Amino acid sequence: MENPNPTPHFPETEKWQQRDRRRRIGGGIILLIIGGLLFAKVAGVVMPAWLFTWPMILIAIGVFAAFKKGFSDMGWLFPIAVGLVFLAQNEIEGFSPWPYLWPVILIIIGLGMMFRRKRRGGCDGW
């Protein structure tokens with residue numbers, strides 16, 4: 001006998017659920033790694049000093065945001081880039097990123113203007 005009220009099938013809902021599951025798994029993996037590293041540090045395992053610095057917090061935030069957005073939005077690159085610059089400045093003797101700051105900012109803006117997606121409705125916002 002057939003079910004008189006079959007459950008409707010919505011492919012969009014399934015895609016959303018799969019994406020949500022991947023995001024939760026990615027976030028869970030990141031938290032497991034951070035928790036494992038902190039546990040190892042407390043247990044006396046010798047680790048690099050740079051691993052527990054504030055630039056690494058920025059990098060971790062960027063990685064978490066990348067997993068949360070499914071690597072689709074490029075906003076996660078900003079905290080990773082800032083964290084890497086400050087980490088390099090702290091760890092590489094004689095390295096100074098500041099002379100390169102404005103040229104890199106202009107290059108990034110130019111690339112963003114060239115490769116950004118067009119908005120719906122034909123208005124590109126510039």
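Biologist: Ser96 has a relative accessible area of 34%, so why is it called partly exposed?

Modeller: The term covers values between two limits, since buried means under 20% relative accessible area and exposed means over 50% (with a 1.4 Å probe and protein chains only). The 34% of Ser96 falls between these limits, and Ser96 therefore counts as partly exposed. This is a predicted model, in which local features need pLDDT of at least 70 and side-chain atom pairs count only at pLDDT 80 or more, while totals for chains, interfaces and linings use all residues. Residues are numbered from 1 along each chain as its sequence is written, and side-chain values use heavy atoms, with hydrogens and water left out.

Biologist: Where does Ser96 lie, and what separates the C-alpha atoms of Ser96 and Phe86?

Modeller: Ser96 is in the loop between helix 3 and helix 4, where a helix is a DSSP run (H or I) of at least four residues and a strand (E) one of at least two, numbered from the N terminus. The C-alpha atoms of Ser96 and Phe86 are 9.3 Å apart, although these residues are ten residues apart along the chain. The chain as a whole has four helices and zero strands, and 13% of its 126 residues count as buried.

Biologist: Why is the pair of Trp54 and Phe86 called tilted?

Modeller: Rings of Phe, Tyr and Trp (its six-membered ring) pair if their centres lie within 6.5 Å, and planes under 30 degrees apart count as stacked, over 60 as edge-to-face and the rest as tilted. With 5.0 Å centre to centre and 50° between the planes, the rings of Trp54 and Phe86 form a pair, and the pair is therefore tilted. Trp54 lies in helix 2 (residues 54–68) and Phe86 in helix 3 (residues 77–91), so this pair ties together parts that are 32 residues apart in sequence. Both residues are partly exposed, Trp54 at 48% relative accessibility and Phe86 at 23%. The structure holds two aromatic pairs, and Trp54, Phe86 and Trp98 form one aromatic cluster.

Biologist: What makes Lys41 count as lying over the face of Phe52?

Modeller: A charge sits over a ring if NZ of Lys or CZ of Arg is within 6 Å of the ring centre and within 35 degrees of the ring normal. Lys41 lies over the face of Phe52 at 4.4 Å from the ring centre, so the distance meets the limit of 6 Å.

Biologist: How do you know which residues line the largest pocket, and which lie nearest its centre?

Modeller: A pocket is an open set of points on a 1 Å grid, with protein on both sides within 12 Å along at least five of seven lines, and a residue lines it if it has an atom within 4 Å of a point. The largest pocket has 24 lining residues, and Leu77, Phe78, Ala81, Val104 and Ile108 lie nearest its centre. Its volume, the space filled by probe spheres set on the points, is about 930 Å³. Helix 4 supplies the largest share of the lining, nine residues.

Biologist: Which residues lie nearest the centre of the second largest pocket, and which helix gives the most to its lining?

Modeller: The second largest pocket has 14 lining residues, with Ile33, Ile34, Leu37, Met56 and Ala60 nearest its centre. Helix 2 gives the most to this lining, with six residues, and the space in the second largest pocket is about 340 Å³.

Definitions and conventions:
1 Å grid on protein atoms, 1.4 Å probe; cavity = no way out; pocket = protein on both sides within 12 Å on 5 of 7 lines; lining within 4 Å.
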